[in-house]
Amino acid sequence: MCEPLIILGTGMAGLGLARQLRRRDVKRAITLITSDSGDEYSKPLLSTGFAKGLPPERLVSHSALAVADQLNVVVRTHTRVTAINAEAGLIELGAEILPYSDLVLALGAAPLPIFQVAEDLRGRVFTINDLDDYRAFYHALSRRRGSARVAILGTGLVGCEYANDLSGGGHQVAMIAPETTPLARLLPEPLGRVLGEAFEQQGIELHTQRRLEHMAAEGEWVALHLDDGHVLKADLVLMATGLAPRTRMAEQAGLVTSAAGIHTDRYLCTSAPHIHALGDVACVAGVNAMYVQPLQASAKALAATLCGEPTKVSYAPWPIIVKTPALPVVALPPSCEPARWRLEGEAPNMTALAEDAKGNLLGFALTGTCVRRKVELARASPALLG
């Protein structure tokens, strides 16, 4: 009997791959293993649910049981893999050992908290990276019975989307970050300022160029002490300080990893035979792109490879659409430092073109009505992984 193909992770990467595999092969034995509930949901909806007042169950498209039935797969929920034995082709679940024909690591990325949360702050300080996290934060907000004051640490993509969403849901939001402007990794400073102004017009407080020194419980409040001596008080704190690929298990198994993820080639093959990686955890030919389109392209290519049609993955120049209704933002960050950013338009409708020394387009950033140029500029931009 052929051993099953095992997929670790039931997020968009793991389930997306399972669906692509079933389109090609209806009989192959497939087992999905996850440490959470295994419910299928769209992760991008996590940062749009609070403005719409969506309870966690409204975000679920299929339960783990429905997924198992629909795809004719085994789904093992609330199960932790303790080790991978790459030489023997086995995974360990505590005392239980499972063999595999192929193993796919779709482990995703984990939030990077900037410090250890004190015991007396548990239940008031959160990260949101999956449905279980959303569920915990949603219930914490619900217990406030009205508008809550939420402090968000970080003004990157995740922080900005949640700030806009929570503000849209009627909550008071304050953002804290050491950068000069929001979305500093995606937008040149002039466009970041425009986004910051739009946030402030919506009532979001911005505390940029500030660092959090420490947090402390003060009665019903969380007191956030900043490096300029200012103290903010919040009901709840959301840490949005970045994500790191979950590489520890792969590293312990002897696979090649780095801070950028589990290293794979263009076929999504790791340094160990019959072990593959995709999604946020994978560094594909030197590129880790934690966005939906690269994930979907990887799932489709890997399904073909696992079904006997070796297929290299390619990443087109896919712009990032930021979910900030206060000011529409689209960005295609350049893969290398541009020689200059060429600015066009006036606030809030601006275009920034990243160019090399010869004037070639490397990437772009758009705000306001200029986001309609995203298709035109994407076609003129270099592929992320051609």
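Strand 26 (residues 340–346) pairs with strand 27 in the antiparallel sense over 7 bridges; strands, like helices, are DSSP runs numbered from the N terminus (E, at least two residues, for strands; H or I, at least four, for helices), and two strands pair if DSSP finds at least two bridges between them. The structure is a predicted model, in which local features need pLDDT of at least 70 and side-chain atom pairs count only at pLDDT 80 or more, while totals for chains, interfaces and linings use all residues. Residues are numbered from 1 along each chain as its sequence is written, and side-chain values use heavy atoms, with hydrogens and water left out.

A hairpin through 2 residues joins strand 26 to strand 27, and Glu 346 has Asn 349 in strand 27 as its bridge partner. Strand 27 (residues 349–355) also pairs with strand 28 (residues 361–367), in the antiparallel sense over 5 bridges. Here Glu 355 stands opposite Leu 361. Between strand 27 and strand 28 lie the 5 residues of a hairpin, and Gly 359 in the turn has a positive phi of about 90°. Strand 27 is mostly covered, with 6 of its 7 residues buried; buried means under 20% relative accessible area, exposed over 50%, and partly exposed in between (1.4 Å probe, protein chains only).

A nonpolar core is a set of buried Ala, Val, Leu, Ile, Met, Phe, Trp, Tyr and Cys residues joined through side-chain atoms within 4.5 Å. The largest such core has 50 residues, and those with the most contacts inside it are Ile 7, Leu 8, Leu 17, Ile 91 and Leu 105. Helix 8 (residues 292–306) gives the largest share of this core, 6 residues. Leu 17 touches Ile 7, Val 104, Leu 278, Ala 299, Leu 302, Ala 303 and Leu 306, residues up to four places away in sequence not being counted; contact means heavy atoms within 4.5 Å. A second, separate core of 43 residues includes Ala 148, Ile 152, Leu 236 and Met 350.

The structure holds 1 cavity of 30 Å³ or more. A cavity is a set of points, on a 1 Å grid over the protein atoms alone, where a 1.4 Å probe fits but cannot get out; lining residues have an atom within 4 Å of a point. The largest cavity has a volume of about 40 Å³, a volume being the space filled by probe spheres set on the points, which are joined across faces, edges and corners. Among its lining residues are Gly 279, Asn 288, Pro 294 and Tyr 315. Helix 8 gives the largest share of the lining, 3 residues.

How values were computed. On a 1 Å grid over the protein atoms alone, a cavity is a set of points where a 1.4 Å probe fits but cannot get out, and a pocket is an open set with protein on both sides within 12 Å along at least five of seven lines; lining residues have an atom within 4 Å of a point.
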